[in-house]
Amino acid sequence: MTVGSAEKFSLRPATMADLDEIWAIEAAVFGDDAWSRDLMREELAADHRVYRALVDDAGVVVGYGGLLAVGTDGDIQTIAVVPAARGGGLGRRLMEALLQAACERGVREVFLEVRADNPVARGLYESLGFEEIGVRPRYYQPGNVDAIVMRRTERGRK
Ligand SMILES: CC(C)(COP(=O)(O)OP(=O)(O)OC[C@H]1O[C@@H](n2cnc3c(N)ncnc32)[C@H](O)[C@@H]1OP(=O)(O)O)[C@@H](O)C(=O)NCCC(=O)NCCS
């Protein structure tokens with residue numbers, strides 16, 4: 001798979017029918033940090049969640065992302081793009097879709113946690129107006145990697 005034209009990928013709501021594909025990506029991408037399949041299933045079914053799947057022109061899921069939106073607060077729950085499709089703007093597209101969904105639901109502040117050793121994701125979030133507001137030391141185990149807590153307020157919107 002090559003990224004090339006972003007048009008050949010489309011975004012749609014993720015459904016329970018996507019669970020196997022999404023969880024396969026989750027497990028491969030996050031390794032020790034991956035959610036269990038049961039947790040992923042619960043997320044796809046739970047209230048206040050917005051999950052989006054990014055699919056290629058053959059209908060194969062190449063990325064996904066999820067938002068928790070309760071009242072005026074939102075949390076980016078997870079986001080991933082398969083390695084072969086990275087670097088072509090798809091992660092940004094997913095994040096923008098989740099932020100748009102948050103906005104439509106009246107969310108005013110969006111939070112997320114990111115590993116301190118993940119410069120790609122941190123760069124993406126900063127470019128979307130997220131600011132670092134705290135650190136959870138050694139949050140990710142094993143490995144003792146800090147979690148950076150980030151927030152995007154209405155002021156951060158472009
Ligand atoms: C984070 C992730 C979703 C980004 O997806 P992507 O499709 O590769 O990202 P994009 O092509 O849309 O790039 C978005 C931004 O990310 C940053 N970025 C992308 N590739 C990068 C690289 N190789 N080095 C540094 N920054 C990079 C840049 O800020 C880029 O913006 P720009 O293109 O305007 O410069 C993807 O890398 C991924 O799935 N990573 C593994 C899972 C993960 O870390 N999820 C986040 C957990 S908090």
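1. In this predicted model, helix α1 passes α2 in a right-handed crossing. The two axes come within 10 Å and cross at roughly 130°. An angle over 145° would count as roughly antiparallel, and 65 to 115° as roughly perpendicular; α1 and α2 are therefore oblique to each other. On the α1 side the contact is made by L19, D20, I22, W23 and E26, and on the α2 side by R37, M40, R41 and L44. By class, these contact residues comprise 5 nonpolar and 4 charged, with no polar residue.

2. The axes of α3 and α4 come within 11 Å, with a crossing angle of roughly 50°. Angles under 35° count as roughly parallel, and α3 and α4 are therefore oblique to each other. Here too the crossing is right-handed, α3 passing α4. G91, R92 and M95 of α3 meet L124, Y125 and S127 of α4. The contact of α3 with α4 has 3 nonpolar, 2 polar and 1 charged residues.

3. Turning to open space, the largest pocket holds about 1,100 Å³. Its lining numbers 37 residues, of which F30, I79, N118, A121 and Y125 are the closest to the pocket centre. Two or more lining residues come from each of α1 (19-30), β4 (73-81), α3 (90-104), β5 (109-115), α4 (119-127) and β6 (131-140). Strand β4 gives the most, with 7 residues. The lining of this pocket is made up of 19 nonpolar, 8 polar and 10 charged residues.

4. The pocket may be read together with the helix contacts. Helices α1, α3 and α4 are among the elements that give two or more residues to the pocket lining. Residue Y125 is among those closest to the pocket centre and also takes part in the contact of α4 with α3.

5. The volume of the largest cavity is about 40 Å³. Its lining consists of L99, A102, C103, R108, E109, V110, R152, T153, E154 and R157. The elements that give two or more residues to this lining are α3 and β5, and α3 gives the most, with 3 residues. By class, the cavity lining divides into 5 charged, 4 nonpolar and 1 polar. Both α3 and β5 also give two or more residues to the lining of the largest pocket.

6. As background, most residues other than glycine have a negative phi, and most peptide bonds are trans.

7. A further positive phi is found at H48, with a value of about 65°, although H48 is not a glycine. This residue lies in the loop between α2 and β2 (49-55).

Key. Residues numbered from 1 in each chain as written. Predicted model: local features only at pLDDT ≥ 70, side-chain atom pairs only at ≥ 80, totals over all residues. Heavy atoms only, no water. 1 Å grid on protein atoms, 1.4 Å probe; cavity = no way out; pocket = protein on both sides within 12 Å on 5 of 7 lines; lining within 4 Å. Points joined across faces, edges and corners; volume = space filled by probe spheres on them. Helix = DSSP H or I, 4+ residues; strand = E, 2+ residues; numbered from the N terminus. Nonpolar A, V, L, I, M, F, W, Y, C, P; charged D, E, K, R; others polar. Axes fitted to C-alpha atoms, helices over the stretch in contact; angles between N-to-C directions. Left-handed = near helix turned anticlockwise from the far one by under 90°. Contact = heavy atoms within 4.5 Å.
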